[in-house]
Amino acid sequence: MEPDTGDTLDGLARATGKKIVPFLATPGDINKLIHEFYGFKTSVTRAEAEMSRKSIDLGNLEQLNRLKQPDQIQSDDEHVKNAVDYLFNYAFEMRVSDIHIEPKRDECAVRFRIDGQLNEVYKIPKGVSAAIASRIKMLARMNIAEKRKPQDGRIRVEHQGGSSELRVSTMPSAFGEKLVLRVLKPENLMRDMDGLGLFPEDIIKMERFLNRPHGVILVTGPTGSGKTTTLYTALNFVSSPEKNIVTIEDPIETICEQFNQTAVQPSIGLTFAAALRSMLRQDPDIIMIGEIRDNETADNAIQSALTGHLVLSTLHTNDTTSSIDRLLDLGVKPFLINATVAGIVAQRLVRVICGNCAREFEASARKLKQYGITINSEKVMLKEGKGCDQCRFTGFLGRTGVFEVLEMDDTMRQIIQENQGEMALRKYALSKGMTTIRDSAIRKMLAGETTLQEVVQLGYQL
C-alpha cells in the first residue's frame with residue numbers, strides 16, 4: 001500500500017493509539033533515525049538479556065579512543081559499549097551541552113540539555129543503567145567500585161573528524177549513582193568577539209579592557225550563563241606568541257595549547273589562592289582565574305594586577321554593579337578596587353529563533369507594556385519559531401549572549417571611594433549609556449533574533 005493513503009494511516013493510528021501525521025523524508029533521513037533511536041534501544045535490550053544470563057565484567061572493557069558512528073556499530077560488538085556509543089553519537093548530533101543519567105526507583109531516565117532546556121530522551125532498565133554508568137566511569141578513569149562518594153573525570157572522544165571532551169561528574173542519589181556529562185567542544189569555547197552576541201559598542205569596550213597592560217576584568221553571572229566561553233574568547237583575542245597566558249581552573253574546561261593551564265586540587269592544598277601565589281613566579285603576562293571565591297583569592301588577584309599583570313576572572317553576581325559590593329564583602333578595600341578594576345561584564349544566555357521555521361507576527365504596544373517593554377509605535381513586528389524537524393519542533397536553534405558592560409571611569413571610582421552604594425553607581429552607569437542585560441535582550445527581540453518569551457524569563461530587574 002502507498003504510505004500516504006487513508007487506509008494505511010488509519011491502520012497505523014489504530015495499531016499505535018496515536019495520531020499519525022505524515023512527513024516526506026528521504027531514505028537517508030529514515031535510516032539515520034532508525035540508527036539513532038532503534039540502535040540504542042536494541043543495544044539496551046540485548047544488554048539486558050545478556051545480563052540476565054551472565055554477569056558482564058565491566059573492568060575488562062576497552063578504553064574508548066574513537067567513537068563509532070551508528071552505521072559502524074556491528075551486532076557482534078558488546079552491547080553495553082554499543083549503548084554508550086549510540087548515546088554519545090545522538091548527543092553530539094543534537095548539540096547537547098549536558099547529558100543527565102538519573103536512576104529512579106524502577107528505571108533510569110536519560111535527559112539531554114539542549115539550548116538550556118532539559119529534555120527526556122530515553123528510559124532504560126535499572127540493571128542496564130548501572131552497567132552503562134560503570135562503562136562511562138571506566139572511560140573517565142574513575143573508580144568503578146566506589147559508588148558512595150562523588151567523583152569527577154574526563155573522556156576525550158573523536159567524532160566525525162573532530163574531537164570533543166566530556167567532563168563527567170557522579171553523585172550518589174536515593175536510587176543509585178547519578179551521572180552528568182558536560183559536553184565540551186573547543187569551537188564552542190574559542191570564538192570571535194562577534195560570535196558571543198555582543199553589540200558593536202560593547203565589543204569596543206571589551207577590546208579596550210583587553211588591550212590594557214594590567215588591571216582586573218570580571219565576568220559575572222549565574223552558573224550556565226556562558227562566563228567560561230566569554231573568558232576563553234577574551235584569552236583567544238589577546239593570545240600571541242609573545243605573551244605568557246596562564247590559567248587556574250576548577251576544572252580545566254578544555255585543553256588549549258596556547259595557554260598554560262592548571263587545575264586546582266583542594267585535596268592536596270592546591271587552591272585558587274595557592275596556585276595563584278605560585279603562578280606569579282612563572283613570569284605570566286596574563287592570568288585567568290576560574291573564579292574569585294574567597295578573600296585570599298581576591299587579594300592575590302588584586303595584588304597581581306597592581307604588579308603589572310592583566311587578570312581575568314569570574315564572580316557569581318547578578319549584574320555589573322553588584323560585583324563591586326561582592327568585592328567589598330570579600331574584604332577588598334575601595335581604593336584597591338579603584339586602582340585595579342578596569343571593567344565588568346555581566347551576561348545571560350537566550351535562545352535564538354530557528355531560521356528555518358521563523359515567522360513574523362504583530363505585537364501591540366499595549367501587550368508589550370504588560371511586560372515592562374515600551375516602544376515608540378502602536379505595534380511592532382516580532383518573530384517566533386513555528387517548529388520544525390531542524391529545531392526538534394521547539395522553534396529555537398542555538399543560544400546567544402545578552403550582556404551588560406561596565407567600563408570604569410573617574411566618577412565611578414569616586415562613587416566607590418565615597419561608599420555611595422550600588423544604586424548610585426548603577427544610576428550613573430545607566431546615565432552614561434550602559435545597556436542592561438534585559439535591554440540587550442529586548443534589542444535582540446526587536447531585531448528578530450529571540451522571542452518575547454525569552455525576554456520575559458530574564459525578569460524585570462536585569
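Analyst: In this predicted model, helix α13 (residues 410-417) packs with helix α14 (residues 422-431) at an angle of about 170°, and their axes are 9 Å apart. An angle over 145 degrees counts as roughly antiparallel, so α13 is roughly antiparallel to α14. On the α13 side, T411, M412, I415 and I416 make the contact, and on the α14 side A424, L425, Y428 and A429. Sorted by class, this contact has 7 nonpolar residues, 1 polar residue and no charged residues.

A second pair is helix α8 (residues 272-279) with helix α9 (residues 295-306), whose axes cross at roughly 25° and come within 8 Å. These two helices are therefore roughly parallel to each other. The crossing of α8 past α9 is left-handed. From α8, the residues in contact are F272, A273, L276 and R277; from α9, they are E296, T297, N300, A301 and S304. They divide into 4 nonpolar, 3 polar and 2 charged residues.

The loop between β10 (286-289) and α9 holds E291. Under 20% relative accessible area counts as buried, and E291 has 17%, so E291 is buried. Leaving aside neighbours within four places in sequence, E291 is in contact with F272, T297, S313, T314 and H316. Of these, F272 and T297 also belong to the contact between α8 and α9. The side chain of E291 makes a polar contact with the side chain of R293, at 3.1 Å. E291 and D250 are 41 residues apart in sequence, and their C-alpha atoms are 8.3 Å apart in space.

Technical notes:
Residues numbered from 1 in each chain as written. Predicted model: local features only at pLDDT ≥ 70, side-chain atom pairs only at ≥ 80, totals over all residues. Heavy atoms only, no water. Axes fitted to C-alpha atoms, helices over the stretch in contact; angles between N-to-C directions. Helix = DSSP H or I, 4+ residues; strand = E, 2+ residues; numbered from the N terminus. Parallel < 35°, antiparallel > 145°, perpendicular 65-115°, else oblique. Contact = heavy atoms within 4.5 Å. Nonpolar A, V, L, I, M, F, W, Y, C, P; charged D, E, K, R; others polar. Left-handed = near helix turned anticlockwise from the far one by under 90°. Buried < 20%, exposed > 50% of the residue type's maximum accessible area, 1.4 Å probe, protein only. Polar contact = N/O pair within 3.5 Å; in protein donor to acceptor, adjacent residues only side chain to side chain.
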